[in-house]
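Please look over the sequence and the model shown here before reading the notes on an annotated site and on a sheet with its helix.

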Amino acid sequence: MPGKPIRLANADDHRWLDAAARLAARGLPLSRPNPAVGALLVKHGKVVARGFTQPGGRPHAEAMALAEAGTAARGAALYVTLEPCAHKSTRGPACADLVAEADLARVVVGCADPDPRTSGAGLAHIRVSGTPAELAENAACATSLAGYLVRTQLGRPHVTLKLALTLDGCIAMADGTSQWITGEAARAHTHAMRARADAILVGGGTLRADAPRLDVRLPGLEHRSPERWLLTRGAAPEGWRALPSPRAIFGQAAQYLFIEGGAQTAAAFLAADLVDRLLIYRAPILLGTGRPALGDIGLVALADAHGRWRPAGRRALGKDTLEVYERTRSSQG
């Protein structure tokens, strides 16, 4: 059956996709092993149903939204952050089938699925049914799916490095005292970021010096505490996973890894070029002879330091400031 002409995405479409990307965050990290996807059904400028990937990966976002909408889905537009899956599964129907059968006005997808079982096939199946379906390549959707995309394309988690710094770039006093560099608002934000991660990693020195719990201590989110990983060539304590080197993250099932310290561990991941995002919590204090945030990261020329990071956000957290930077890469690697 020939499809209707595909209408190119406009500014309103991207706003709906941005909203779907924000909705998708509710699925992190409990959607694993599946990506956290968001879906909105919109008719006459109003949301008639919404869905996001449920714990354990099922139901998918599209299935949730279509089930919520019922007959109201007919003639609606579907905005979904990731291309609907096209492959069969014993855990549930393919979302491309559900979408194709829903009698929708159109489908707008924010990000293509790199999984070869779906890549392009999900959109093609929907179009064959007669429903216009377009790939909009929305930046917010790609960002919301960063863990899944990196895991699928590169075989490793998306890595965020968190640093709590003074104005002069220290992470502790000269004697190692580091509690607390930042205030309560910044620490609460860190716990919120932990709640979105599959695993959290520190080095052996941090474990010995601080004995960190690395859990989530925000009311209602305690059950989202991530796995605890330790960068060490030795054994890890009970309840921890030992990784002998930064490259040991390849092959791990986690989609999102959060690194919290210390200086040598941070430097090791930066030297291996395995950090995708920096979260710098900066306190308005000076220490002078305090401990530096990083060790040697392998740079041999000043020119090599430029062009690696782009600013991606900045906000006040009480008296402190959060700066977010994304790694710039000419290609995935």
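The report below describes the annotated site and then the sheet.

## Basis of the model

This is a predicted model, in which local features need pLDDT of at least 70 and side-chain atom pairs count only at pLDDT 80 or more, whereas totals for chains, interfaces and linings use all residues. Residues are numbered from 1 along each chain as its sequence is written, and side-chain values use heavy atoms, with hydrogens and water left out.

## The annotated site

According to the unreviewed UniProt entry, the annotation "binding site" covers His60, Cys85 and Cys95; UniProt positions are given in the numbering used here, feature names are shortened, and annotations may be inferred rather than shown by experiment. These residues are spread over 36 residues of sequence, yet they cluster in space, with a largest C-alpha distance of 9.2 Å.

Cys85 is found in the loop between β3 (77–80) and α3 (95–100), where helices (H or I, at least four residues) and strands (E, at least two) are DSSP runs numbered from the N terminus. Cys85 counts as buried because its relative accessibility is 7%, buried meaning under 20% relative accessible area, exposed over 50% and partly exposed in between (1.4 Å probe, protein chains only). With neighbours within four places in sequence left aside, Cys85 is in contact (heavy atoms within 4.5 Å) with His60, Glu62, Ala94, Cys95, Ala96 and Thr118.

Cys95 is found in helix α3 and is buried, with a relative accessible area of 1%. Not counting residues up to four places away in sequence, Cys95 touches His60, Glu62, Pro84 and Cys85.

## The sheet

An open sheet of eight strands runs in the order β10-β9-β8-β11-β6-β12-β15-β14, with mixed pairing; two strands pair if DSSP finds at least two bridges between them. Its edge strands are β10 (240–243) and β14, each of which pairs on one side only, and the twist averages 25 degrees from one strand to the next. Strand β9 (residues 227–231) pairs with β10 in the parallel sense over four bridges, and Leu231 stands opposite Leu243 in β10.

## The helix on the sheet

Helix α7 packs on the sheet, and its direction makes about 160 degrees with that of β12; axes are lines fitted to C-alpha atoms, for helices over the stretch in contact, and angles run from 0 to 180 degrees between N-to-C directions.

Within α7 (residues 184–194), the buried residues are Ala186, His189, Thr190, His191, Met193 and Arg194. The buried residues of α7 pack against β6 (158–165), β8 (199–203), β11 (256–261), β12 (277–282), β14 (309–317) and β15 (320–327).
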